[in-house]
Amino acid sequence: MITVDFPGSRRLIEAIDASVTQPSTPAITDNLRNALCRLIRSQEVELPRCVFETAGDHYARRELYRSDEHGYSVVAMTWGPGQGTLIHDHCGMWCVEGVWNGALEIVQYELLDQEAERYHFRPVGSIQAGPGSAGSLIPPHEYHTIRNPSEDAVAVSLHIYSGRMTQCAVFNPEGDDWYHRTERQLGLDRVH
């Protein structure tokens, strides 16, 4: 189900559909990551203008498409200057994330220990990603943060999830690399 039609939307959906028929999760995400990089760099797809509009006090999440046949969803995220996430997971779903506009800093974390709702993480790598770059997250290696490091520019990223991302676990810092886990319901901003 397409939320709003935009130039190249059919091409994007065809590329995703072709990728999700691969025989394994690593093959799906590799194929999709490469296809997304090509589409962003070729400028065959023009995202709707609304995805370049910030949402004020939070980063915006706008669902552009949901596949009834394959179950995946496509969400554009708009990051105002300095906006970002806490450490979070994707509730067991794979995801491919591509930077459309601006730059994002992505930090991946390794889970070292867990005591009930307390989790001990350490950062294991960070990248500065610019337009046309894409990465993938495959559980259980899905703990990460995303942040727009710019003081004045908007960043836009496109996220393809294996399902509908309606909630996730977030990890609030307690000190000494320990974090408290809570569940967060995720909303969607209006597409217009």
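Modeller: A residue is called buried when its relative accessible area is under 20%, and exposed when that area is over 50%, with partly exposed in between. This is a predicted model, and in it β4 is mostly covered, since six of its seven residues are buried.

Biologist: Why is Cys 95 called buried?

Modeller: Cys 95 has a relative accessibility of 0%, and buried means under 20%, so Cys 95 counts as buried. As for its place in the fold, Cys 95 stands opposite Leu 137 in β7.

Biologist: How do you know that Cys 95 is in no disulfide?

Modeller: A disulfide is a covalent bond between the sulfur atoms of two cysteines. Here the pair of sulfur atoms has to be within 2.5 Å, whereas the cysteine sulfur nearest to Cys 95, that of Cys 168, is 11 Å away. Cys 168 is in no disulfide either, for its nearest cysteine sulfur belongs to Cys 91 and is 6.0 Å away. By this rule the count of disulfides comes to zero.

Biologist: What makes the phi of Cys 91 worth a remark?

Modeller: Most residues other than glycine have a negative phi. Cys 91 is not a glycine, and yet its phi is positive, at about 50°. Asp 177, also not a glycine, has a positive phi of about 65° and sits in the loop between β10 (167-175) and β11. With a relative accessible area of 39%, which falls between 20% and 50%, Asp 177 is partly exposed.

Biologist: Why is Arg 190 called exposed?

Modeller: Arg 190, in the segment after β11 (178-185), has a relative accessibility of 62%, and exposed means over 50%, so Arg 190 counts as exposed.

Biologist: How do you know that β4 and β9 pair, and in which sense?

Modeller: Two strands pair if there are at least two bridges between them, and β4 and β9 have six bridges, in the antiparallel sense.

Biologist: What makes β1 and β7 the edge strands?

Modeller: The five strands form an open sheet in the order β1-β2-β9-β4-β7, with antiparallel pairing. β1 and β7 are its edge strands, since each pairs on one side only. From one strand to the next, the twist averages 20°.

Biologist: Where does α2 lie, and how does its length compare with what is expected?

Modeller: Helix α2, residues 25-42, lies across β4, β7 and β9, and runs at about 10° to β4. The buried residues of α2, including Leu 32, Leu 36 and Ile 40, pack against α1 (9-20), β4 (95-101), β7 (134-137) and β9 (155-161).

Biologist: Which residues touch the most other members of the largest nonpolar core?

Modeller: They are Leu 12, Leu 47 and Leu 158, in a core of 28 residues. α2 gives the most to this core, with six residues. Beyond its neighbours within four places in sequence, Leu 47 is in contact with Phe 6, Phe 52, Leu 64, Trp 100, Val 156 and Leu 158. A second, separate core has 17 residues, among them Leu 104, Ala 129, Ile 146 and Ala 155.

Biologist: What kind of peptide bond joins Pro 139 and Pro 140?

Modeller: The bond between Pro 139 and Pro 140 is cis, with an omega of about 10°. Pro 140 is found in the loop between β7 and β8 (144-147).

Notes. Residues are numbered from 1 along each chain as its sequence is written. This is a predicted model: local features need pLDDT of at least 70, side-chain atom pairs count only at pLDDT 80 or more; totals for chains, interfaces and linings use all residues. Side-chain values use heavy atoms; hydrogens and water are left out. Helices (H or I, at least four residues) and strands (E, at least two) are DSSP runs, numbered from the N terminus. The expected span of a helix is 1.5 Å times one less than its number of residues. Buried means under 20% relative accessible area, exposed over 50%, partly exposed in between (1.4 Å probe, protein chains only). Contact means heavy atoms within 4.5 Å. A nonpolar core is a set of buried Ala, Val, Leu, Ile, Met, Phe, Trp, Tyr and Cys residues joined through side-chain atoms within 4.5 Å. Axes are lines fitted to C-alpha atoms, for helices over the stretch in contact, and angles run from 0 to 180 degrees between N-to-C directions.
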